[in-house]
Every structure is written in structure tokens, then in C-alpha cells.
Amino acid sequence: MRALRNLLPPLVALIILLALWESLTRALHIKAFELPPPSAIFLAAVKKPGPFLQAMGNTAKGALMGFGASAIFGVLAAVILASSRTLERALSPYTVFLQTVPIVAIAPLLVLWFGPGLRAITVSAFIVSVFPVIANTLAGLRSVEPALRDLFRLYGAGRAATLLQLSLPSALPSIVTGLRVASGLSVIGTIVGEFVAGFSEDGAGLGILILSDYRQLNTDRLFVSVLLAAALGLILFAAVNLLGVLLLRRWHPSEINPTP
Amino acid sequence: MTAPPSPRPAPEGIRVQIQGVRRVFPGGTVAVDGVDLDLAPGSFVALLGPSGCGKSTLLRLVAGLDRPSEGAVLLDGAPVSLADRPPIAYVFQDPHLLPWRSVLDNAALPLQLAGVPRAARRDRAREALVQVGLADAADRYPAELSGGMKMRASLARALVTSPRLLLLDEPFAALDELTRNRLDDQLRALWSSIAVTVVFVTHSIVEAAYLAERAIVFTRRPARIVADHRLDLPRERVGSLRTEASFAAQTRVLFDALEQGDV
């Protein structure tokens with residue numbers, strides 16, 4: 001009942017928006033290649049959904065691989081950086097580089113290095129999404145309560161035991177936050193990668209579809225691809241969110257009393 | 001297959017000797033200044049002083065979590081070291097439980113870090129939970145416990161290694177008075193049943209007088225000893241003692257010493 005009440009306002013807003021959009025594009029005789037009405041976008045999607053779904057699958061593959069690499073290497077890099085003050089001081093400034101480098105600008109380099117296709121696309125998704133994982137994991141590892149560190153020292157815990165039993169679990173909420181941010185970014189990195197790195201081996205992703213429909217002014221089909229790309233990011237985000245809830249529900253205050 | 005429990009030697013508390021200990025923090029703040037103490041094995045000693053006076057620093061020095069700038073801390077005659085020393089347990093002001101572990105696995109943590117197999121350490125942890133009256137909550141998580149229950153779990157974690165020296169740093173300060181009194185009683189009962197040296201840091205005169213056999217009163221920072229008072233009270237202590245005249249006389253002595261050190 002409460003879920004319905006929460007869902008109703010955005011749903012009503014969406015219907016009003018779509019109705020306005022539909023009637024205005026018709027009333028003002030806006031050309032379909034400039035802004036197609038929602039009905040045309042819907043028809044474009046259902047007329048021949050196969051290629052769209054296949055492209056979405058290809059993009060999902062690149063995004064998942066890039067995201068997976070970010071999750072693994074991001075956490076690993078943070079653990080290594082956190083293990084030594086010197087190392088952290090020496091390398092941390094350069095992790096920011098990953099955050100500030102314009103992915104569109106270096107995507108051509110990735111194609112030169114990794115060849116066109118899925119590999120360059122995955123690397124593009126990885127570069128865009130790894131920084132938030134590193135930064136959040138590092139913050140989590142640093143925020144372990146000093147008293148708990150003392151406790152582990154007192155009971156003679158070694159480095160490995162302290163990492164596995166104390167630091168990593170303490171950092172888990174921060175890691176999940178980093179993964180949440182990375183999930184959406186990895187889809188963006190994949191689309192950008194596809195723009196530049198062309199076809200992946202198994203065929204075109206949404207980025208390729210967007211480019212070709214743009215050149216042919218198939219604006220209705222363009223909208224379908226954009227919406228599917230957004231949906232993909234949303235699905236990935238929701239999956240990470242669910243994982244976080246499952247991992248943290250017994251102990252983390254943010255998950256024990258979720259805000260309605 | 002687990003090894004049969006080795007016959008433990010008759011439990012006995014650790015003798016704690018603090019010799020000319022001084023601790024200066026980087027930056028020049030003197031936290032502890034020239035403290036000499038000899039705590040008998042199996043005694044219950046309260047370290048009483050104003051908040052932030054340096055008595056917690058002294059406790060950390062005894063635990064080996066911090067090193068003195070001058071002087072030495074001896075446990076049973078040997079200099080304290082984290083690497084090799086008799087079993088010590090430390091209870092912090094806050095429970096500091098691991099929120100991702102059940103109460104049982106929290107209590108078992110010290111044994112896990114010492115490499116005790118899972119079944120054996122869980123059995124011992126269950127015993128420790130019985131000792132503190134928390135057996136029913138073994139499978140619950142810290143976020144589901146009240147403040148008093150969390151502190152009991154923290155106490156169980158301290159007891160699980162059968163420590164011969166129990167260091168407590170204002171453990172019940174954040175609890176309401178009723179809960180604190182109940183835990184005080186339980187701690188006294190535990191102490192008389194397992195023969196362990198207990199060093200209890202507090203800023204509460206009543207708590208120090210009620211719990212300890214001997215109260216060391218400290219000045220404001222840096223911590224220096226102003227009084228070393230043997231409490232003239234019966235060994236069996238019950239709640240009603242707190243309202244008796246003999247008790248008031250003891251708290252009066254401690255109060256005067258605190259006043260004297262607060263200049």
C-alpha cells in the first residue's frame with residue numbers, strides 16, 4: 001500500500017509529461033528527426049526489437065567486464081595503497097589522474113593499444129569507473145576505529161588477520177558506495193568506448209547504434225538506444241544496491257533503518 | 001579431533017609494577033608524570049581521577065599498547081611486551097564490537113586471532129557469555145542490542161581468554177545508573193570467582209569505592225598520584241552498601257583526595 005503511494009506521484013508526473021510531449025510535437029508540427037513524439041519512439045522499439053536487445057546485450061557485456069575489473073583492481077589497489085604510508089603518499093595523487101582524464105580524449109589511444117573491439121571498450125569502461133572504487137575503499141580502510149586496531153594488536157593479530165577480519169569488513173559500506181558510483185560510470189565508459197573503438201567482435205553495442213542512427217537521422221531509434229543505455233545503468237546500479245543490502249543488512253545502520 | 005583441554009594452572013592474577021613511569025606525547029604534553037605503583041596479584045584496584053587526566057594513558061602503558069617515555073611497566077617481573085606476555089584483557093569505554101559478527105563470534109574473536117579451532121573457541125565463547133548473563137543473545141548482532149548488553153558482550157570477549165589481568169577503561173561510564181550498578185555487581189562477583197588482577201579506571205568516586213579494594217587517586221593532567229587508599233569495606237558487597245555510613249566515610253576520603261589533586 002505504502003509502496004503504491006510512493007510510486008503514484010512519479011508515475012502520474014511521467015504520464016503528464018508524455019502526454020504534453022506527444023500533444024506539443026503534434027500541435028507545433030515539430031519534425032520527427034528533431035524531436036519524435038513518444039508514440040513514434042515506442043513504435044520504433046517494438047517494430048523490430050531484436051537488434052536493440054542484441055546491442056544492449058553487447059553493451060552490457062563491456063560494461064560488466066569493465067565494472068568487474070574496476071571492482072577487483074580498485075579494491076586491490078586501495079588495499080596495497082593503504083598498506084604503506086609511503087606508497088600511499090607517492091601514488092595517491094596519480095589515482096586522481098584516472099578521475100580527471102577526459103575519457104573521450106584518450107579513447108583513440110586505447111584503440112591503438114588494444115585494437116578495436118571489446119578489449120578497448122572494456123578498458124574504457126574500467127578507466128572511467130575505477131577511481132570511485134579506489135577512493136571509497138581507501139577512505140573505508142582508513143576509517144577503522146583506532147580502539148579496534150588496538151584490540152587486534154592486543155590479541156597478537158597479524159597483518160593478514162587484521163586485513164581480513166577488521167579492515168576489509170570495516171570498509172565494506174564504503175566499498176559498496178564506491179561500487180554504486182562505478183556501476184553507472186561503467187556504462188558511460190562503455191558507450192564512449194564503442195563510439196571510438198567501433199564494433200566489438202560479436203556485433204554492435206548501443207553506442208554503435210546511436211552513431212549510425214544519428215547519421216541517418218533516425219531520431220526515434222536514437223531515443224530507444226539512449227533509453228536502453230540509461231536502463232542498463234539503472235539495472236547495474238540496482239544490482240549493486242541489492243548486493244549492498246544483502247551484505248550489510250544485519251549490521252550497518254544505513255541498511256538496518258532504511259529511510260523510506 | 002581437538003586436543004584435550006590442557007589442565008590449566010591454578011588461576012592467579014598478575015602482579016603489576018609501574019616504576020617511575022612518565023609519558024610525554026609528541027608535542028610536549030605530559031600525560032603521566034612519575035608514577036610508581038605495585039599492584040598485588042589478584043587485587044582489585046581502581047584508578048580514580050578527573051576526566052582526561054592521563055589515567056587511560058597509564059592503562060594503555062600497562063597493556064603494552066603504548067610505551068613509556070621513561071620508566072618501566074613489569075608484569076610478573078618481566079617488562080610488558082605485545083609479543084610475549086601473560087594473558088591480558090582490555091575493555092574500552094565503548095563496547096567496540098565488530099558489527100558484522102554475531103555476539104557469539106564477537107566473544108570468540110580473541111581465540112580466533114590466537115588460532116583456536118572454530119568449535120573449541122565457540123564453546124569457550126558460550127561459557128563466557130554465560131558468565132556475563134548474555135547466553136540468550138549469542139546469535140544476535142550488536143546493532144540489535146541495548147547499551148548494557150553490548151557492554152556485557154564486550155566483557156565476555158575480554159573473559160574468553162581466561163585473562164590473569166583485566167584492564168577496564170571507564171567501561172560503564174556511558175550506561176544509565178541502574179545498568180551500571182548491575183554490571184558493577186557482576187564484575188565484583190566475577191572477580192571473586194576467577195581470581196584475576198583487575199585495574200579499573202573511573203572518574204566516579206562511588207564506583208571506585210564500591211568496586212575496589214584499593215583506590216589510587218590522580219591529579220589533573222599530568223597524572224600524578226595524590227592518594228593511595230585501601231578501602232575499609234567488607235569483601236562481600238551488596239547494593240545497599242552504597243547508602244551506609246561506612247561507605248560514605250570511604251567516599252569522603254576519596255573526594256577529599258580528588259579535591260586536593262584538582263588545583
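This is a predicted model: local features need pLDDT of at least 70, side-chain atom pairs count only at pLDDT 80 or more; totals for chains, interfaces and linings use all residues.
Helix 3 and helix 10 of chain A cross in a right-handed sense. Two packed helices are described by the angle between their axes and the distance between the axes. Here helix 3 spans residues 49-83 and helix 10 spans residues 219-248. Their axes meet at an angle of about 40° and lie 10 Å apart. That angle makes helix 3 of chain A oblique to helix 10 of chain A, because angles under 35 degrees would count as roughly parallel and those from 65 to 115 as roughly perpendicular.

Which residues make the contact? Helix 3 of chain A brings A:F52, A:M56, A:T59, A:A60, A:A63 and A:F67. Helix 10 of chain A answers with A:V224, A:S225, A:L228, A:A229, A:L232 and A:L236. Sort them by class, and this contact has 10 nonpolar residues, 2 polar ones and no charged ones.

Now step back to the whole of chain A. The chain has 11 helices and 0 strands. The C-alpha atoms fill a box of roughly 75 × 55 × 30 Å along the principal axes. Chain A has 260 residues, and 35% of them are buried. Consider also the contacts in chain A with a separation of 6 or more: 78% of them join residues 24 or more positions apart.

Chain A also touches chain B. The contact takes 18 residues from chain A and 15 residues from chain B. What classes make up the side of chain B that touches chain A? It holds 14 nonpolar residues, 1 polar residue and no charged residues.

How values were computed:
Residues are numbered from 1 along each chain as its sequence is written. Chains are lettered from A and ligands numbered from 1 in the order in which they are written. Axes are lines fitted to C-alpha atoms, for helices over the stretch in contact, and angles run from 0 to 180 degrees between N-to-C directions. Helices (H or I, at least four residues) and strands (E, at least two) are DSSP runs, numbered from the N terminus. Angles under 35 degrees count as roughly parallel, over 145 as roughly antiparallel, 65 to 115 as roughly perpendicular and the rest as oblique. A crossing is left-handed if the near helix is turned anticlockwise from the far one by less than a right angle, and right-handed if clockwise. Two residues are in contact if their C-beta atoms, placed from the backbone, lie within 7 Å. Ala, Val, Leu, Ile, Met, Phe, Trp, Tyr, Cys and Pro count as nonpolar, Asp, Glu, Lys and Arg as charged, and the others, Gly among them, as polar. A residue is buried if 20 or more other C-beta atoms lie within 10 Å of its own, exposed if 12 or fewer, and partly exposed in between; C-beta atoms are placed from the backbone.
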